[in-house]
Amino acid sequence: RDQPRSRGLGDVYKRQPGSRSDSDLHTFGYSFKPWVGPPIATASEIRSYMGEVIKENHLEKSIRYKHRILRANWCNAEKQWFIEAECLKNKERKHFRVNFLWMCQGYYRHHEGYTPNWDGVSDFKGRIAHPENWPEDLDYKNKRVVVIGSGATAVTLIPAMSKEVEHITMLQRSPTYYMAAPDYDIIGNFFKKIFPQKTAYFLTRWKNILMGKFFYSRCVNSPEKVKKMLIDGVREHLGDGYDIEKHFTPNYKPWDQRLCFAPNADLFQAIKTGKTSVVTDHIDQFTEEGIRLKSGKELNADIIVTATGLILQCLNGIDIKVDNSTVNISEKMSYKGRMFSDVPNLAASFGYTTASWTLGSDLTSEYVCKLLNYMDKNDFDYCSPEIGEGVKEEGSYMNLSSGYITRAADKMPKQGSRSPWKNTQDYLKDIVELRLGSCLLYTSDAADE
């Protein structure tokens with residue numbers, strides 16, 4: 001079931017300064033490949049880990065690098081997908097026929113990030129960079145830098161850049177929740193000393209899964225207590241003299257939007273040096289020298305980094321058709337969070353917004369393999385989820401209020417009122433349903449198909 005991949009391994013990870021994981025690698029890594037380093041990993045460390053996975057499992061010959069899938073059309077008569085792809089090296093068009101299409105590209109538009117329409121952008125005399133398209137020749141040494149945004153990208157970018165800039169400012173419209181913790185795992189390191197590598201990894205992975213589940217439950221059930229804990233943590237690093245209320249006290253509950261992790265409190269350490277500052281205000285317009293704020297204050301800058309978010313797209317923006325009719329995925333209902341109503345022989349790996357992405361991808365992989373083996377054993381050519389009676393649309397596909405999610409809410413698939421049409425975002429529930437449950441689809445004529 002060979003198929004072209006849309007991006008080469010070198011394109012997977014961002015190249016801006018400080019690029020790293022925002023989940024611990026014991027859960028972000030693969031279940032079958034122990035992670036032996038510290039919990040948070042740099043982009044280069046993750047690339048090295050991925051390279052080892054590919055080499056150890058002899059996957060090189062099964063990967064087509066530098067190919068972009070343009071369109072895929074399912075033919076009901078032949079029970080196959082017809083794929084058109086482009087080789088990025090020479091722009092040659094290539095065509096493939098496959099039995100099953102498995103989408104593993106995530107849900108971001110990686111070649112373009114989100115940038116608001118600000119007034120006066122063309123007036124700015126300095127350089128503007130978005131982390132999704134980081135310029136290789138950008139020299140920020142001894143420069144004045146303004147980073148617009150305070151999310152996961154900003155919290156990795158700013159500590160790394162602060163070491164070389166003259167001054168760097170994090171400009172935010174509203175505060176974000178941060179959790180600062182050491183980049184080491186005391187319990188995990190103890191496991192490594194007394195157990196074999198695979199056993200230690202298994203125990204550390206499940207310890208982190210259960211702790212993450214517990215923390216998320218606390219955020220949902222006791223949001224004010226968690227809020228106080230997080231803000232007190234910031235105050236512990238910056239002191240009572242810092243305006244925590246203005247710059248680090250969000251107006252939403254923890255995990256209504258993604259929580260940002262600051263390993264070794266690096267963001268707060270950068271602020272304490274005096275070379276990093278935080279400004280909470282709204283942009284009025286760009287000027288020749290920088291940014292004018294609604295308050296009337298001006299921020300002078302040589303470089304402005306627009307860490308303003310990502311653009312979501314389902315199925316990597318590929319033109320998906322069934323019998324030459326375009327499929328509008330926003331009109332489809334998600335089946336087990338991995339397939340879509342009335343779309344044959346197609347699955348999409350989708351992870352979690354409240355836990356490491358790879359936990360969900362691992363389960364998707366197990367489910368798809370289970371499904372393919374079942375189809376082979378019973379000589380089925382295709383499968384297609386069909387919505388049963390009494391299932392209604394209910395709730396959003398992703399349960400966060402982050403800007404990048406709300407902007408794309410109308411482009412995401414629908415969620416149903418009951419299992420298996422609900423996207424639970426709950427690993428423990430999913431592991432029971434996907435790993436232990438039946439792979440059979442809920443169809444009106446399952447026996448015939």
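Q: How many salt bridges does the structure hold?
A: Side chains of opposite charge can pair when their charged atoms come close. In this predicted model, the structure holds 20 salt bridges.

Q: Which residue does Lys-213 meet in a salt bridge?
A: The partner of Lys-213 is Asp-426, with 2.7 Å from N to O. Lys-213 sits in helix H5 (residues 197–221), and Asp-426 in the loop between helix H10 (403–406) and helix H11 (427–436), so the pair ties together parts that are 213 residues apart in sequence.

Q: What about Asp-284 and Lys-294?
A: Their side chains also meet in a salt bridge, at 4.0 Å from N to O. Asp-284 belongs to strand E11 (residues 283–286), while Lys-294 is in the loop between strand E12 (290–293) and strand E13 (298–300), so the pair ties together parts that are 10 residues apart in sequence. Asp-284 is partly exposed, with 29% relative accessibility. Lys-294 is exposed, at 58%.

Q: Where do Asp-430 and Arg-338 lie?
A: First, the pairing: the side chains of Asp-430 and Arg-338 form a salt bridge, 3.7 Å from N to O. Asp-430 is in helix H11, and Arg-338 is in the loop between strand E17 (334–335) and strand E18 (339–340), so this pair ties together parts that are 92 residues apart in sequence. Asp-430 counts as buried, because its relative accessibility is 7%. Arg-338 counts as buried too, at 4%.

Q: Which residues do salt bridges that share partners join into one network?
A: Follow the shared partners. Here they join Lys-228, Asp-232, Arg-235 and Asp-240 into one network.

Q: Now pockets. How much space lies in the second largest pocket?
A: The second largest pocket holds about 290 Å³.

Q: How many residues line the second largest pocket, and which lie nearest its centre?
A: Its lining has 16 residues. Nearest the centre are Arg-20, Pro-159, Ala-160, Lys-163 and Asp-266. The elements that give two or more residues to this lining are helix H3 (152–161) and helix H8 (266–272).

Q: How do the residues of that lining divide into nonpolar, polar and charged?
A: The lining of the second largest pocket has 4 nonpolar, 8 polar and 4 charged residues.

Q: How many helices and strands are in the protein chain?
A: There are 11 helices and 19 strands.

Q: What does the radius of gyration say about the protein chain?
A: Compare it with the value for a compact globule. For 449 residues that would be near 22 Å; the protein chain has 23 Å, which agrees. The C-alpha trace spans about 70 × 55 × 45 Å along its principal axes.

Q: What percentage of the 449 residues is buried?
A: Buried residues make up 49% of the protein chain.

Q: And what share of contacts joins residues at least 24 apart?
A: Count contacts between residues at least 6 apart in sequence. In the protein chain, 67% of these join residues at least 24 apart.

Notes:
Residues are numbered from 1 along each chain as its sequence is written. This is a predicted model: local features need pLDDT of at least 70, side-chain atom pairs count only at pLDDT 80 or more; totals for chains, interfaces and linings use all residues. Side-chain values use heavy atoms; hydrogens and water are left out. Helices (H or I, at least four residues) and strands (E, at least two) are DSSP runs, numbered from the N terminus. Buried means under 20% relative accessible area, exposed over 50%, partly exposed in between (1.4 Å probe, protein chains only). On a 1 Å grid over the protein atoms alone, a cavity is a set of points where a 1.4 Å probe fits but cannot get out, and a pocket is an open set with protein on both sides within 12 Å along at least five of seven lines; lining residues have an atom within 4 Å of a point. Grid points are joined across faces, edges and corners, and a volume is the space filled by probe spheres set on the points. Ala, Val, Leu, Ile, Met, Phe, Trp, Tyr, Cys and Pro count as nonpolar, Asp, Glu, Lys and Arg as charged, and the others, Gly among them, as polar. The radius of gyration is taken over C-alpha atoms; the globule rule is 2.2 Å times the number of residues to the power 0.38. Contact means heavy atoms within 4.5 Å.
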